[in-house]
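Welcome! Have a look at the model first, then try each task before reading on.

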Amino acid sequence: MFNPRDIIDLIAANVRQSRNPFGVPSTRFNTWWRKMPGFTRRPGEALLFTGLMYQAIPYIEATTRYLERLEGSRWADYLRWARFSRYLPGSLPGRGLSFLTSRAEKQKFNGILQTICRLLTKSGVGFFYHPEMDFYSGILLYDLGDQEGFEEHARFVVRNLKLHGVHKIITVDPHTTYALKELYPKYTGETFEVQPYFTLLRLSAGGGNGQGPVAIHDPCFYGRYLQLSEGPRQVLRDLGLKYVEVRNSGEFTSCCGGPAESVSPALNREILDRRVAELKASGAPVVTLCPICLANLLKAGLAVEDLASLAGRYC
Amino acid sequence: MALVNPNFAAELEAFGVDTALECFNCGTCAAICPLLYEHFPRKLIRYVQVGAEKKIMENAQDLWRCLHCGLCTRTCPRQANPGELILGLRRYVVARWRRP
């Protein structure tokens, strides 16, 4: 396990510098929208707010691979100096991280966001996107206990959204949804109308084309904190797809271990192995709807895909 | 031997920890916690109840094992909110690190 203080100081410094946990300009990795048709804003429409989570997964995985090698070694203590990376030219860490992530890996996660847009459009949902209004929510700072850093960042995001007159927000991942729906009103006093994308989908397709059942891995924040586990099941039913419930699902879902990734990749692996065993027992391919869970389960070699990717194949 | 701070639970309220004294130490949180680690989080909640401030600081690193998955909070029979309590303790420790 790394010294949490080193990790918190590093992430807090990065968020202060670049408004994301990596310390590189968000424009470097928030590129998914470039290949999409132009988003035009109309009055009353909702902002698609990705919270930069799906886009960041290839970078998180690259970082974790290095942390995995460092953990428990005599080099682990040197992590305390990482916070001084802010004195490097901004482009340097960005180039380093880009070098460590493959184009295919980036496209895999960017593709999920593109599919979500397509599904929303098909469902007749009025929305728009603008990269300058889309920020990391700061949720990792909150989870790690850096309340001061989280509140400062949350106020920055809220100021920006207010400046652009945003009232309605569509989210794509559970962590950003929880931050915007529950934490922002509590700590900034500002409330937005926040809806996860899957609650807005109105899809239909015939019979699932004979596809076998899928097993649902409910993310903790959707299943337990926000009690939204019915949403993905409804999407699957609308598409005529069968699903099976695994041991520990819905409100009592098991954690995949993802939140431990930054302080202890070894602990993450231990929790992950236990959840993978539960999911494998169902004998069905797994579907989930959180980028952290998805990347973590993929790392374990499980047959897993995102709900949006699955739905996108049927409509 | 450890010195206790009888006002510790009250001092933690500033960090969002206001349910520590609700806990009656049944251990449901430790039983359901996926960490399966040394009576976590029950042991740390007990330290708060008895005012063992120094013990919390000595075991501070353990606070970051918590996955914030919320299972303990969901199953606590006393609504003592163990998950949020651990999160509040993290805030307390981070503040102590930054302003000793």
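Two strands pair if DSSP finds at least two bridges between them; strands (E, at least two residues) and helices (H or I, at least four residues) are DSSP runs, numbered from the N terminus. This is a predicted model, where local features need pLDDT of at least 70, side-chain atom pairs count only at pLDDT 80 or more, and totals for chains, interfaces and linings use all residues. Residues are numbered from 1 along each chain as its sequence is written, chains are lettered from A and ligands numbered from 1 in the order in which they are written, and side-chain values use heavy atoms, with hydrogens and water left out.

**Exercise 1.** Work out the order of the 4 strands in the open sheet of chain A.

*Solution.* 
1. Start with strand 1 (residues 46-49) of chain A, which pairs with strand 2 (residues 127-128) in the parallel sense over 2 bridges. Here L47(A) has F128(A) as its bridge partner.
2. Strand 1 also pairs with strand 3 (residues 168-171) of chain A, again parallel, over 3 bridges. F49(A) stands opposite T171(A).
3. Put together, the order is 2-1-3-4. Strand 2 and strand 4 (193-196) are the edge strands, each pairing on one side only.

**Exercise 2.** Find which way the residues of strand 1 of chain A point, and whether they are buried or exposed.

*Solution.* 
1. A46(A) and L48(A) point one way, while L47(A) and F49(A) point the other way.
2. All of them are buried (under 20% relative accessible area, with exposed over 50% and partly exposed in between; 1.4 Å probe, protein chains only).

**Exercise 3.** Classify the ring pair Y142(A) and Y187(A), one of the 20 aromatic pairs over all chains.

*Solution.* 
1. Recall the rule: rings of Phe, Tyr and Trp (its six-membered ring) pair if their centres lie within 6.5 Å; planes under 30 degrees apart count as stacked, over 60 as edge-to-face and the rest as tilted.
2. The centres of Y142(A) and Y187(A) are 6.0 Å apart and the planes are at 50°, so this pair is tilted.
3. Now place them: Y142(A) is in helix 5 (residues 139-144) and Y187(A) in helix 7 (residues 174-188) of chain A, 45 residues apart.
4. Y142(A) counts as buried because its relative accessibility is 1%.
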